[in-house]
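Here are my notes on the model you asked about. Have the sequence and the 3D view open while you go through them.

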Amino acid sequence: ETQNDDDSINAGADKVSKQEAQKSLQEQWNEAIATIIAQIQQQSEIKNVEQAIEALTQLGAQYADVSTLAMYLHKVPESSGFTRKDVSVFLADLGDDSDLLHTYFQLVHFGGLSIEDSLRLYF
């Protein structure tokens with residue numbers, strides 16, 4: 001019986017540890033995106049979503065990653081040139097085969113999961 005109690009405690013601790021790790025990862029993403037948003041806002045020559053994505057893509061590395069770009073588009077505060085409509089028009093202009101469009105859609109509608117994984121969790 002004591003072994004079962006220990007297993008239960010260990011399983012609970014593992015679950016809490018995974019939740020903390022997930023929260024920490026989410027906090028890191030939020031901090032990174034907030035920094036990117038601040039950097040873009042400081043550049044007066046960047047006046048719209050398209051210019052911001054172009055600037056991030058030119059920086060390369062993690063800035064050009066589609067996950068980073070999608071998170072930026074999702075989190076950027078609304079202002080002239082950066083409204084939800086501006087983001088939607090930009091994404092629509094990319095075309096159906098765009099990795100950025102698919103990643104953004106997954107992020108917004110499925111919490112970053114693929115459609116298949118989201119459906120598996122649902123059912």
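The points below go from the whole chain down to single residues.

1. **What you are looking at.** This is a predicted model, where local features need pLDDT of at least 70, side-chain atom pairs count only at pLDDT 80 or more, and totals for chains, interfaces and linings use all residues. Residues are numbered from 1 along each chain as its sequence is written, and side-chain values use heavy atoms, with hydrogens and water left out.

2. pLDDT is the predictor's confidence in each residue, from 0 to 100. The chain averages 83, and 72% of the residues score at least 70. Confidence is highest in helix H2 (residues 49-59), at a mean of 96, and lowest in helix H6 (residues 115-122), at 56. Where pLDDT is low, the predicted coordinates should not be read in detail.

3. **The overall layout.** You'll find 6 helices and 0 strands (DSSP runs numbered from the N terminus: H or I of at least four residues for helices, E of at least two for strands). Of the 123 residues in the chain, 24% are buried. Buried means under 20% relative accessible area, exposed means over 50%, and partly exposed is in between, using a 1.4 Å probe and protein chains only.

4. **The core.** The largest nonpolar core has 23 residues, and those with the most contacts inside it are Ile40, Ile53, Tyr72, Leu73 and Leu100. Helix H1 (2-41), H2, H3, helix H4 (84-94) and H5 each give two or more residues to this core. A nonpolar core here is a set of buried Ala, Val, Leu, Ile, Met, Phe, Trp, Tyr and Cys residues joined through side-chain atoms within 4.5 Å.

5. **Two helices crossing.** The axes of H2 and H4 come within 9 Å and cross at roughly 60 degrees. (Axes are lines fitted to C-alpha atoms, for helices over the stretch in contact, with angles from 0 to 180 degrees between N-to-C directions.) H2 and H4 are therefore oblique to each other: under 35 degrees counts as roughly parallel, over 145 as roughly antiparallel, 65 to 115 as roughly perpendicular, and the rest as oblique. Val49, Glu50 and Ile53 of H2 make the contact with Asp86, Val87 and Phe90 of H4, where contact means heavy atoms within 4.5 Å.

6. **Helix H3.** Which residues of H3 are buried? They are Thr68, Leu69, Ala70, Met71, Tyr72 and Leu73. Take Leu69, in helix H3 (residues 66-75): its relative accessible area is 4%, so Leu69 is buried. Beyond its neighbours within four places in sequence, Leu69 is in contact with Ile53, Leu56, Thr57, Tyr63, Ala64 and Leu100. Tyr72, leaving out residues up to four places away, touches partners including Ile33, Ile53 and Phe82. At the start of H3, a side-chain oxygen of Asp65 reaches to within 2.9 Å of the backbone nitrogen of Ser67.

7. **Thr103.** Look in helix H5 (residues 99-110) for this one. Is Thr103 buried or exposed? Its relative accessibility is 18%, so Thr103 counts as buried. The side chain of Thr103 reaches the backbone oxygen of Asp99 at 2.8 Å. Setting aside neighbours within four places in sequence, Thr103 is in contact with Val66, Ser67 and Ala70.

8. **Asn30.** Finally, find Asn30 in helix H1. With 31% relative accessibility, Asn30 counts as partly exposed. Asn30 and Met71 are 41 residues apart along the chain, and their C-alpha atoms are separated by 8.7 Å.

Definitions and conventions: Polar contact = N/O pair within 3.5 Å; in protein donor to acceptor, adjacent residues only side chain to side chain.
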